[in-house]
Structure formats: C-alpha cells, structure tokens
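Biologist: Hi! Could you walk me through this one? I'd like to start with the overall fold and then pick at some details.

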Amino acid sequence: QARPHAAFATMAVLALLGAMRLARSKDWVSWPVAGSLVALAAGTLQSGIALGLPLLAATLVRIRALGWRQLAGAALALAPILMTVPVFYPFMPGQTSGQGAGQFELEGTRLVVAGHIIDLEYFNGDGFLRLLLILASWEPWLVLGSLIACLGLARRRAWNVNWRPGPDLMVVLAFVVPYGLALGMWGRTAVRFCTPLLPPLAIASAFGLSLVWQCAGASCARGVLVTIRGACLLLFGLAPMATVLRQAWLGGQRDTQERAALWMEDHEELTRYRAVTFPRVYLPLLVDATTLEETKTTMTSARIGWWDWQREHVDQAEVLQRWDLEPLPIWNKEQRAFARENPRQFAQQLDAKCFVIQTEKEVGPGRSLNALVDWMRANCELLARFHPEGPSAPSGAGLYYEDLPSGVPRESHVWHIWRAIALGPVIEIY
C-alpha cells in the first residue's frame, strides 16, 4: 500500500511548486498549471485533494497583490480539479457490493472509501504521538534539522517584530499544517501517511542547517568552525546516505520468510503434516493442489499473488514435494472471536501439526492472534525462530520497508537497520 503514497509525495511537491509559482507570478498561465498539478496529485491518491489548500493560499496572496480581477484566473485552476473524479475515479461512487474500488458510503460512524474503513471514532488525537514517533524513528535527521529551523524562525521573529512569512512559506504551511493536524487527530496514523511531509521537512532541515552554518561562520574560531561543519556534514549528509544504502543491502538478502521456507525444505519430515501459517506470513513454498482449491476464495491475488500463480501452473510444475500449507482461517468476526476466546480449541480443530506464526502483537479491535501466540508459546514445542537481528535476538518487532503491524515504531527504525541481518517479520515455527 505504500506505492501510491510514495508517488503522491512526488506529486505533492510538484503541486506545491505550482502554487508557489502562482503566488509569485503575474501571468495567467500559472492558473491552469497550478490547478492541473493539484488534480494530478488528487488523481494519484484521494488525499491529494488537500493540495487545494496551498492553491487557495496562493490565490489569496495573488488577489492581495493584484486585485480581485484574479478571481477570473481562479476559474482556470478550478476547471482541471473538477475533472479529477470523472478522469481518475470514474468508478466512484459506484456499486459498493463486491466493488471495493468504487466504495464510498457512511455506515454509522464508519466511512468506507475504496475499501478502506475510516472509523470516525478514531479521530481522537492519538495520532500526534504516533506521528512524532514515526518521524523520529525513520527520519531523525529531518526532525532535528526542522527543530533547528523552527528555533531560528522564532529567534528571527523575536528580533524583528515586523517580520512576516513570505508567500512561499505561506503556501507550504497551508499544506503542512492542516495535513499534519489531520494525521495527528487520526488515531491510526501509519508510516505511509507521513511521506508527503518528508519534502517540506527536508527543506526545513536544510534551512536549519544553513542557520547553523552561518552562525558558526560568524562567531567561531577556524578550528571550531571546521569541526562544526564537519559534524553537520556527517550527521545530515553521510549518515542518512549510509542508512539508505544499508537498507538497500538488506533488501538484497533473504528475508526472514525466505529463511523460514528454506529451513522447512531442509526438514522434509514436516511435509507429512498439515502446516498453518498466520495471515501475514507468506512462505515461498509450493502448496498441494487440494489446499490451493480449498483456499481459492480466501487467498485472493490482492492478498498474495504467489498462490494464484501456483493455481495457474499446478499441473505444469515438476517438483519433488508440495506442502499441505493452509492460511489461518480467521476471515470473519466469528472465527476471530473463537480464536481469541478459545485458542486451544481453535488450534486443535485445525488438525495441524506445524504452526508458522508471526509474533508481533496485534493492536486495535479483535486481537485474536495475540491469544494464539501466547497459547502456542506456552503449550507447543519451538522448532525454529527467525528474527531480523538473528535467531538469538530478544523478542521485538520485525523490520519492514514500510508499516509495522501496529503502526507505531517500538524503537528507532534507523538503529534497527544497522543491527539487522535481514528484513521481514519475527517468525517462529512450532
């Protein structure tokens, strides 16, 4: 799910640049360009409609500078925005039954948009702490640089009471502040939601770094100046670059799920038993035809395309062994409630001898997997364990490209990267 959010971050930058150009210039071409960029951002992801706020700020700046006649140009910007739904979302609002992409309906306190459930009860302000923890965990350098920039702006304001933000800053803040407030109010803010904030934070961090650079050059001896500037280069330049390269290197190694699959292949005696995997554990193992048919309606391509590929090639692949490998049957509320309230009976009725589980605790309503994990650890024999930091690492979160299951980092993602030997969840086989 991170892919459209990454693309949206790029389109958000372009839309901000279009609004900034609109606020600066006097030509009429800037109007349709700025509006088209907002439309493209909203077409990339529904939340891109928030880029209409900096466009509105740029419009007000332009009206203040050039007069009310500019409202005629605003119509040129509004036209492509109004075309967003028929061009990019022609299926919305559509028939909701079985059509996730076209869903747009309000069910009590739950708003369902394109298959995503937005429970209005979660707008409780819990997202502010989540947002801070996510940014500090994934981008500590940007957070530090942005704090320095804020202190610098506050100091500039204190020295000059007549100082006012320029049009560029007003346009950027018109997006960052409302978007940040929305993430803060949403109690289930996830990592991928924060990506549009990274470019503005990077610019703020660069501004903060320039303030440190200037202050050091104006008031420090040469030796101290060289030390400060070297530390800034190391902290804000080389350290982030090295971390990105480290994570890219980890991405080229076998992740914990691949390591678990290789271990199971080396223990052929397990093929005699039925094995059950937790929902987020996708093992690259060939599954027998019976299991493929039984799970045809539950394991869809949207969840794991590997199973669909096997169904298409089940008669063509020449293999020595196939696995009786079944995903944990918790597809509805009744099954989840049974697993949560009676984990022992739930596990026994599966008629399985091997369980491949993901150990991280669930959050939010349900939490049926937590009871199963606790029961298996207390009553089953641990055969193997695969942790991103090695088999002997203490219990903790896995290491992912994107969101954690809980949405909240339990420790610094950067520090986790440098300790890890692989990506993936923490997997235990019982």
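**Overall picture**

Modeller: Happy to. Among contacts in the chain between residues at least 6 apart in sequence, 71% join residues at least 24 apart. Keep in mind that this is a predicted model.

Biologist: Okay, how many helices and strands does the chain have?

Modeller: The chain has 17 helices and eight strands.

Biologist: And what percentage of the 430 residues counts as buried?

Modeller: For the chain, 42% of the 430 residues count as buried. The exposed surface comes to about 23000 Å², with 62% of it supplied by carbon and sulfur atoms.

Biologist: Let's switch to charges. How many salt bridges are there?

Modeller: The count comes to seven salt bridges. As background, side chains of opposite charge can pair when their charged atoms come close.

Biologist: Which residue forms a salt bridge with Arg377?

Modeller: That's Glu428, and the closest N and O atoms of the pair are 3.3 Å apart. The pair links distant parts of the chain, with Glu428 in strand 8 (residues 427-429) and Arg377 in helix 16 (residues 368-379), 51 residues apart.

Biologist: Is Glu428 buried or exposed?

Modeller: Glu428 is buried, because its relative accessibility is 3% and the cut-off for buried is under 20%. Arg377 is partly exposed, with a relative accessible area of 35%.

Biologist: How far apart are the closest N and O atoms in the salt bridge of Glu428 with Arg385?

Modeller: In that salt bridge, Glu428 and Arg385 have their closest N and O atoms 3.2 Å apart. Glu428 lies in strand 8 and Arg385 in strand 7 (residues 384-386), so this pair ties together parts 43 residues apart in sequence. Arg385 is buried, at a relative accessible area of 14%.

Biologist: Nice. What does Glu389 form a salt bridge with?

Modeller: Glu389 pairs with Arg419, and their closest N and O atoms are 2.8 Å apart. Glu389 sits in the loop between strand 7 and helix 17 (413-419), while Arg419 is in helix 17, so the pair ties together parts 30 residues apart in sequence. Arg419 counts as partly exposed, at 28% relative accessibility.

Biologist: Which residues are linked in a network of salt bridges?

Modeller: Arg274, Asp324 and Glu326 are linked in such a network.

Biologist: Now pockets. What volume does the second largest pocket have?

Modeller: The second largest pocket has a volume of about 1100 Å³. Its lining is made up of 34 residues, and Leu173, Val176, Pro200, Leu201 and Ala204 are the ones nearest its centre. The elements giving two or more residues to that lining are helix 1 (2-24), helix 6 (127-138), helix 7 (140-159), helix 8 (167-185) and helix 9 (198-219).

Biologist: Which helix gives the largest share of the lining of the second largest pocket?

Modeller: Helix 8 does, with eight residues.

Biologist: And how does the lining of the second largest pocket split by class?

Modeller: The lining of the second largest pocket has 28 nonpolar, three polar and three charged residues.

Biologist: Let me zoom in on helix 7. What is Ser146 in contact with?

Modeller: Leaving aside neighbours within four places in sequence, Ser146 is in contact with Leu201, Ala204 and Ser205. Ser146 lies in helix 7 and counts as buried, at 8% relative accessibility.

Biologist: What about Leu129, buried or exposed?

Modeller: Leu129 counts as exposed, at 55% relative accessibility, and is found in helix 6. Leu129 and Gly187 are 58 residues apart in sequence, with their C-alpha atoms 9.1 Å apart in space.

Biologist: Changing topic, where is Gln257?

Modeller: Gln257 is found in helix 11 (residues 256-266) and is buried, with a relative accessible area of 13%. Not counting residues up to four places away in sequence, Gln257 touches Arg280, Val281, Tyr282, Leu283, Pro284, Pro425 and Ile427. The C-alpha atoms of Gln257 and Val356 are separated by 9.9 Å, and these residues are 99 residues apart along the chain.

Biologist: Last one, on the backbone. What phi does Asp351 have?

Modeller: Asp351 has a positive phi of about 55 degrees although it is not a glycine. For context, most residues other than glycine have a negative phi. Asp351 is in the loop between helix 15 (343-348) and strand 6 (354-358), and is exposed, with a relative accessible area of 60%.

Key. Residues numbered from 1 in each chain as written. Predicted model: local features only at pLDDT ≥ 70, side-chain atom pairs only at ≥ 80, totals over all residues. Heavy atoms only, no water. Salt bridge = Lys/Arg side-chain N within 4 Å of Asp/Glu carboxyl O. Helix = DSSP H or I, 4+ residues; strand = E, 2+ residues; numbered from the N terminus. Buried < 20%, exposed > 50% of the residue type's maximum accessible area, 1.4 Å probe, protein only. 1 Å grid on protein atoms, 1.4 Å probe; cavity = no way out; pocket = protein on both sides within 12 Å on 5 of 7 lines; lining within 4 Å. Points joined across faces, edges and corners; volume = space filled by probe spheres on them. Nonpolar A, V, L, I, M, F, W, Y, C, P; charged D, E, K, R; others polar. Contact = heavy atoms within 4.5 Å. Areas by Shrake-Rupley, 256 points an atom, 1.4 Å probe, with all protein chains shown as cover.
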